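Reader: I have a model open and want to go through it. Can we take it piece by piece?

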Amino acid sequence: IAYSCNHRGNPSAASLCFPNGIAVELKGNLYVADSSNNRVLFYHSPFKQDKVADEVFGQFECFNTNEDETDVASEYTLARPTGVRLDNVGNVYISDSYNNRVLAFYNPFVVSDINGTGDTTADKVFGQFDSFISKDVNNGGISAESLFRPDNMELDVEGNLYIADTGNNRVLKFNNPLLTDTKADKVYGQNGLFTTGVCNIGDVITADSLCGPGAIATDGNNSVYIA
């Protein structure tokens, strides 16, 4: 049984190294956050075809590299992605953890869609004040527009985005972000304050405190569950 990272060799369309998150479309297409390879892989109908990835995010469309581009971030790069989420019209969100941001891709594989790019270039960035080349921890200070090692995400039935801003010990909610802006509208875990990010404010665990949240889920009534 093979279990070594990248089969003891270079990354390929058939290898993984510490995969961290997945998402599945209703059509059966699969997305995998291949974290230690600094990429997200897309598999077209893997149970009808094969287990070899068909597209790659974060490596300039190359399956044989796993660079994290530590010197500079861009709309093409990823560094330790940890989560993938899809909305109900095919837009893709990736938590680019070590770049302290979340990237949105408008219908990346629907070329004919009016908002689609038909490629793996990010169209919107959360956590870096709309800059694709910035990757600072809490850029400009802790705020409704900053992130620190975001982990997983969730989307509710109305298209609102929730981000586990793990390093800031909070969860941020963005109302209809692809139609509005990249500024959070609500914060969980910091007593309603966007300018604090400590674990259990005042060192007291309460009904409104969080410490290192890592996963989020919503139900059909838009109730929110946070680990």
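This is a predicted model: local features need pLDDT of at least 70, side-chain atom pairs count only at pLDDT 80 or more; totals for chains, interfaces and linings use all residues.

Reader: What percentage of the residues count as buried?

Author: Of the 227 residues, 48% count as buried. Buried means under 20% relative accessible area, exposed means over 50%, and partly exposed is in between (1.4 Å probe, protein chains only).

Reader: How many helices and strands are there?

Author: Zero helices and 14 strands. Both are DSSP runs numbered from the N terminus: helices are H or I with at least four residues, strands are E with at least two.

Reader: And what is the radius of gyration?

Author: The protein has 17 Å, which agrees with the value near 17 Å for a compact globule of 227 residues. The radius is taken over C-alpha atoms, and the globule rule is 2.2 Å times the number of residues to the power 0.38. Along the principal axes, the C-alpha trace spans about 50 × 35 × 35 Å.

Reader: Cysteines next. How many disulfides does a search of the whole structure find?

Author: Two. A disulfide here is a pair of cysteine sulfur atoms within 2.5 Å. Cys 5 bonds to Cys 17, with the sulfur atoms 1.8 Å apart, and Cys 199 is joined to Cys 211 at 1.9 Å, S to S.

Reader: Where do Cys 199 and Cys 211 lie?

Author: Both Cys 199 and Cys 211 are in the loop between strand E12 (186-188) and strand E13 (216-218), so the pair ties together parts that are twelve residues apart in sequence. The link is left-handed, with -105° about the S-S bond. Cys 199 is partly exposed at 29% relative accessibility, and Cys 211 is partly exposed at 46%.

Reader: Back to the other pair. Is Cys 17 buried or exposed?

Author: Cys 17 is buried because its relative accessible area is 7%. Cys 5, at 34%, is partly exposed. The Cys 5 to Cys 17 link is left-handed too, with -120° about the S-S bond.

Reader: New topic. Which strand holds Ala 164?

Author: Strand E10, residues 161-165. Ala 164 counts as buried because its relative accessibility is 0%.

Reader: What does Ala 164 touch?

Author: Leaving out residues up to four places away in sequence, Ala 164 touches several residues, including Arg 149, Asp 151, Val 171, Pro 213 and Ile 216. Contact means heavy atoms within 4.5 Å. Ile 216 is 52 residues from Ala 164 along the chain, yet their C-alpha atoms are separated by 7.0 Å.

Methods
Residues are numbered from 1 along each chain as its sequence is written. Side-chain values use heavy atoms; hydrogens and water are left out.
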